[in-house]
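Biologist: Could you walk me through how to read a ligand site in a model like this one?

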Amino acid sequence: MFSSTDCLVLDRSAGSSVVDLIGRTPLVRLHRFERETPGVELYAKAEWQNPGGSVKDRAAARMILEGEASGALTHGRTILDATSGNTGIAYATIGAARGYAVTLCVPENASAERKLILRALGATLVFTSPLEGTDGAIREARRMHASDPDRYFYPDQYNNDGNWRAHYDTTGPEIIEQTSGRLTHFVAGLGTSGTFMGTGRRLRAFNPGIKLISVQPDGPMHGLEGLKHMESAIVPGIYDPSLADEDLRIDTESAYVMVRRLAREEGLLGGISSGAALAATLIVARRLRAGVVVTVFPDGAEKYLSEPFWHVDV
Ligand code: PMP
């Protein structure tokens, strides 16, 4: 079904803008991990191939383009939002290309690499308390927007239907096409929940038999950057827990182990939430005798390279 590299990438025409480069990411087959799951095929969407380096390009582009179409985003307004990093990088990337200033509320403990990338793209950063995580950043973005609503375009990714719809219209159909509709299980981490909700709804509409498995950190204090522990967090308005057939909890150490294994056994440099997605995918796949399990690797490793977890033997 797939080429020898098990990737499917559509041609891109010359002269495309950054927005045109978003999506149509490769679906990579995890050959080495399949040895542990006889009869079950394992695939992951390599979302770091997006121009901003993460899955969030899809949602950010959709929210910005919808803002332009509705008139809420006009030139002279600043794009403002709360983000643990990747949505910010996406806003900064697309904002730069389309001529908007971008201001981001970011927990101060976001990785140094993320801050450097955001600054390189010209974004203004407002740091919030590391103890309050992304919730503190959300509160600050709300406060800034409320105090000067005309100055800002506030997409509010946690409550914007464009977030999940981006995945309904792109990630979902891509996975159906890239697996020739054969997938049986879909596994994805929950941050804003846009990836899981949008892709999951599309897959359900295509085949109600497809099982949808969401992935969360196992507790409030965790190192799974980009993922939310819903019980202890501000729950995103777009999140509907009833969509999932199952909700798996992954601890940070298990995600680190999988990030290292992914690099050293498949040659894929994924981010920490990719490790969590892989850990959950293996839990699901090990229970099956046959199946096609697809997950999403939201970003790559480059923003986490200075973290100490790399220097432990697998
Ligand atoms: N992983 C990483 C690294 C992320 O930045 C995000 C976005 N917060 C996610 C996973 C979760 O994606 P979503 O917001 O679509 O749930």
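Modeller: On a 1 Å grid over the protein atoms alone, a pocket is an open set of points with protein on both sides within 12 Å along at least five of seven lines. A molecule sits in one if more than half of its atoms lie within 2 Å of its grid points. Here, the ligand takes up the space of the largest pocket.

Biologist: What should I know about the model itself?

Modeller: It's predicted: local features need pLDDT of at least 70, side-chain atom pairs count only at pLDDT 80 or more, and totals for chains, interfaces and linings use all residues. Residues are numbered from 1 along each chain as its sequence is written, and side-chain values use heavy atoms, with hydrogens and water left out.

Biologist: Which polar side-chain atom lies 2.6 Å from an oxygen atom of the ligand?

Modeller: A polar contact is a pair of N or O atoms within 3.5 Å. That atom belongs to threonine 192. A polar backbone atom of serine 193 is 2.8 Å from a ligand oxygen, while a side-chain N or O of serine 273 is 2.6 Å from a ligand nitrogen.

Biologist: How much of the ligand's accessible area does the protein cover?

Modeller: Such areas come from the Shrake-Rupley method with a 1.4 Å probe. The protein covers 96% of the 390 Å² that the ligand has on its own.

Note on methods:
Polar contact = N/O pair within 3.5 Å; in protein donor to acceptor, adjacent residues only side chain to side chain. 1 Å grid on protein atoms, 1.4 Å probe; cavity = no way out; pocket = protein on both sides within 12 Å on 5 of 7 lines; lining within 4 Å.
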